[in-house]
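Hi,

Here is the structure we talked about handing over.

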Amino acid sequence: MSSADTLKNQLILIFQKMFGHFGPLNWWPGDSPLEVMLGAILTQNTAWSNVEKALASLSQKTGLDPEKIRQLSDVELAACIRSSGYFNQKAKKLRVFLTYFHDRYGDSIEAMKEQPLERLRDELLSLHGIGPETADSILLYALDKLIFVVDAYTRRILARHGLMHHTADYHAMQDLFQQNIPPDISLYNEYHALIVNTGKDFCRTKPLCDSCPLRTLLPPGGPCMP
DNA sequence: GACCAGGCACATC
DNA sequence: GATGTGCATGGT
């Protein structure tokens, strides 16, 4: 078996172990594509539980109507999303994104979906406050585009399993998946969701590592964190 | 009371 | 181009 086949098998095995533990997760936890996009911005370096409160507050105030959100003052918008942290910065980011959403696509998700992936990705990355992970989360989870999302947990898991050095850049890690697992939107969706859940439940506190679904794939005795 | 969370932009060297 | 720092709340 070639090393490329071994890599493919390892990535599929990692998926199967996580899937066996959690089952299908059917991400993203959002009711609408717009909510997913706003959540992608709000969850930057922030626990999802805090984002949920912010989205609930924003929904209460605006019904998540993009025009109503844009009409909020900076102070009102920041107050709504306070619980998600970095609220002044994120208020600005939301406004930048929603202005783009209106000016470029007339607030239409469908119009956005019609665009090719690469063009959308370039547009998103050009916006203040949207980097690679946020752009790819929006593309995959809100717009059903075929792109693999890399995050801090992905980095840890790849490094810990010796599949890539923890200093490897975002694109290298993304390529590792996109070139070695089947190109399937549902698979990309589940794989990233499973990585995040595994990371949340088993990487935060070291004693829990013993029950991690990926534990059996690791050399015995070593730490879970890189 | 530390430490961390589903990043990103910007300054500095 | 690599590395450091500010942003800020809420849970463990």
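**The DNA side**

By class, the surface near DNA strand B is made up of 11 nonpolar, seven polar and five charged residues. "Near" here means that a heavy atom of the residue lies within 4 Å of the strand. Nonpolar covers Ala, Val, Leu, Ile, Met, Phe, Trp, Tyr, Cys and Pro, charged covers Asp, Glu, Lys and Arg, and the others, Gly among them, are polar.

Before going on: this is a predicted model, where local features need pLDDT of at least 70, side-chain atom pairs count only at pLDDT 80 or more, and totals for chains, interfaces and linings use all residues. Residues are numbered from 1 along each chain as written, chains are lettered from A and ligands numbered from 1 in the order written, and side-chain values use heavy atoms, without hydrogens and water.

Of the 23 residues around DNA strand B, the closest are Trp28, Thr134, Tyr153, Arg156 and Arg204. A side-chain N or O atom of Arg156 sits 2.4 Å from a phosphate oxygen of DNA strand B, and a polar side-chain atom of Thr134 is 2.7 Å from a phosphate oxygen.

**The two domains**

Chain A is assigned domain 1 (3-26 + 149-217) and domain 2 (33-143); the bounds come from an automatic or database domain assignment. Their centres, taken over C-alpha atoms, are 26 Å apart. In contact (heavy atoms within 4.5 Å) are 10 residues of domain 1 and seven of domain 2.

Cheers

Conventions: Polar contact = N/O pair within 3.5 Å; in protein donor to acceptor, adjacent residues only side chain to side chain.
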